[in-house]
Structures are given as C-alpha cells and as structure tokens.
Amino acid sequence: MGAVRSGKTVITCLAFLLFVLESDYTDFLLTAKTRDTAYRNVVKPLMLMCGTLGVGCKYGKVDGILSVFVDGGEGVVVKEIHIIGLTDEKSVERLQGMTAAAWLGDEVTTYPLSALEMAYSRCSLPGSRIFWTMNPSTPYHPVYTDYVCDVEALRGGRFGLWEFGLDDNLTLVDEIKEDLRVHYKKKGSIFYDRYILGRWVVAEGAVFQNFDEGRHTLDGGGFRFKDFDNIRVGVDYGTASQTVFVLTGVVLDDDGDECFTVLKEWVWDAEDRGVQLTDSQLVGYMGEFLSGVPYSVIHVPHDARNLQNSLEEAGFDCKMINPDVNLGVQKMRDLFGDDRLLLNKDCVTCIGSIQSYVWDPKALLKGVEKPLKVNDHAVDAIRYSIGVESYSQPFVMSAGYW
C-alpha cells in the first residue's frame, strides 16, 4: 500500500507470479474493480513478466482466465488464474464455490465488503497466500480496521505490510514526481495525504476544500454566449424541496480540455415558498431561463423522467443521465484544482451550496465516503451540467448577451 505511481502493483504482481510458479496447486484468483481494469493493471504486467522469465502464458478474454504453462518435469502443468471483477454486492455470486491457492486483489479498498470477505474465504488451501494492493482510504474502512490494524496478525506473521512511496519507483523522474505532488495538492489535503504520503485519513469537513471564492468566481457582467464553444443546462429536480437550473458555458483550451463557467442559476425552493410547481410550470420557467440562449442540451437526472418528457414535448433538447455522485464530486474537485471550473458571482445559491457541501459523518463511521444529502441541489445541478459528455466541435451560435 502507499502512494500512487510508487511501483506497488509491479512488485506485488511479481511476488504473486513467483508464488504461482512455485506452488503445487493449479487454481488461483485475481480480482479488480472490473475485468477490464484487471487486464490493464495486472494481467498485462503478469504476461510481460512471464515472457521475461521464459514462461509461456495465454489470456482467454472470453472466460477471463490467464493460463500459465509451467514445466513440471514430467510435462507441462497448466496453472489457471481466474480473473473476476468485484463491482458490486452481486459480485459475491462470481466467487462462490471457488477454491484458490492464492489471491491477488488489486485496489481492494474499492471492493464491496461482502465480495472482499467472500474472496478471502476462497483461499482455504494449506499454504495459500493473499496479495493485496491498495491506496489508503478512510481510517474507518474495513480493510484498515480489520486487517492493517490487526496487530496480533502482523506480529504473528499472518499479515505483512509493504509500504511504498514515490521514491520507491526507480523509473519515475523527479519532474513526474513533482507533477504528482502538485496535482494532488490542488485536489486538497486529504488526497495529498492519501495518494502521496500514503496515510489513512478521514474525509471530514467540506467536500470542496480546494474551492476558493476569490479565485473561482467571476464578475457576472461581461459574459457573452458567443465566447463559449458550448452551453449546457443541468437540472436537479425536487418536488417538495429545491429545483435548480444551472447554465454552464464550456470552452476548450489549447490542450483540448474543457473549462467550465457557471453563467446563471434559477432556483425554486418549494419548502421555503410553500408552493410546489407542476412539470408544466417548470417547463414555462425553463423557457424563460433559456430565452435567447443558444444551448446545446439539457441534462436531466434519471429520476426526473416525467419532467424530461414534458420538456421534450415542449421542444427542448434533453438527455437523461444516470449520475454517479462520487465521480461527479471528484471531477468538480479536479476542475477546481486546475482552475477550470468558475462561477458567476451572481450564482449565490450555487456558491453557497459548494461551500456548505460536507461529508456525511455517519457514513464515514461505516467506512463509506459520501456527501451529506443537505442543501445539495445546486451542486447536483452543476455536476449534471459539466457532466457526462465532451463536445470537441464548437457549434455555430448567434451573438447574445445577458
């Protein structure tokens, strides 16, 4: 475990492969978040190592088995490494009934706990061994509390810890190391501590700790629609709470990366106003919100299908998305860190929501990191607007001001 790009995966793969080659058993387990990530991060290095060692191997993409051909003296012994993705709780079913002499788990802190425990139970043969790679997570994570902190198991030799830092990777030049340090500092102290220093630290307090109101907000008087390559709308829909529309302009920089500016917001707080709006009323307000705006698409979350239908019937171009909160939050943090997400100072609800967006303390105690579901509607609307698609070609728009 330890820092990113520290070489821990390569060393762990080599240790696992040497164990497989020397083992008297023939069935082994390799897991990752998905089978695709397993192939990219682990299987390819294992195959390169086999080639270097003069050992034959073959990867079966359909059945997900890496076969290693070992000279057993009386003929070739085929050792099978079964590759399984542990994406969700249903992953347990893929592991049931299996017995493995060794298990290589890549990035185990990303697995569902039930899948982790089931895979652990599969290594029940005498002399079996388990190899894990991980980046540190919350100190409440079960991997940390149940394994890393098991002092008796560590002292007794049942568990062993290998800790890696950036300087342990001899292929990284100083320029790359410094770039990584700067990158994770931009993301916030928690990520620097975890991914550079290798510490198990809690994600407490504000989610967007790297948001700086002085640096990430702009005077709202000088925007022109024609200055943007693309304009999108994000909608967060709350019948009895807040409904928020967010208009976001997109510009492609010289490297082809998207830079976002939240141009304006519209907010209806049904609880505060004591009035809930119908879908047809919201369609009317959307018409006012987008009057004269050459937008490209309205991103509507999957739980607002009726509103999407009403908007499309009225002639609006919509796209339904199935948002992932953690991925969206991570993207927003990265954008703030690179100064590629800015907000009009007039978007006071969005700015306030970003500043008050905090981690759920009860979830953290269970080893789960997720934001608290309070006053999050504007943040959600921003996430949807920056969202799920990249537009590489600017579209032709008429000049417009607001």
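The following legends describe close-up views of a predicted model.

In this predicted model, local features require pLDDT of at least 70 and side-chain atom pairs count only at pLDDT 80 or more, whereas totals for chains, interfaces and linings use all residues. Residues are numbered from 1 along each chain as its sequence is written, and side-chain values use heavy atoms, with hydrogens and water left out.

**View A. Leucine 263 and threonine 261 in strand E10.** Strand E10 spans residues 258-269 and contains leucine 263; threonine 261 also lies in E10. Strands (E, at least two residues) and helices (H or I, at least four) are DSSP runs, numbered from the N terminus. Leucine 263 is buried, with a relative accessible area of 0%. Threonine 261 is likewise buried, at 10%. Buried means under 20% relative accessible area, exposed over 50%, and partly exposed in between (1.4 Å probe, protein chains only). The C-alpha atom of leucine 263 is separated by 7.7 Å from that of phenylalanine 223, which is 40 residues away along the chain.

**View B. The parallel pairing of strands E5 and E6.** Strand E5 (residues 102-105) and strand E6 (residues 129-132) run parallel and are joined by 4 bridges; two strands pair if DSSP finds at least two bridges between them. The chain passes from E5 through helix H4 (residues 113-122) to E6 in a right-handed β-α-β crossover. Right-handed means that, with the strands pointing away from the viewer, the path from the first strand over the helix to the second runs clockwise. Glycine 105 stands opposite tryptophan 132 in E6.

View C. The structure holds 2 cavities of 30 Å³ or more, a cavity being a set of points on a 1 Å grid over the protein atoms alone where a 1.4 Å probe fits but cannot get out. Grid points are joined across faces, edges and corners, and a volume is the space filled by probe spheres set on the points. The largest cavity has about 60 Å³ of space. Its lining comprises 12 residues, of which Ile190, Phe191, Ala206, Val207 and Gln209 lie nearest the centre; lining residues have an atom within 4 Å of a point.

**View D. The second largest cavity.** This cavity has a volume of about 40 Å³. Tyr237, Gly238, Thr239, Thr243, Trp268, Ala270, Leu277 and Leu282 form the lining.

Definitions and conventions: 1 Å grid on protein atoms, 1.4 Å probe; cavity = no way out; pocket = protein on both sides within 12 Å on 5 of 7 lines; lining within 4 Å.
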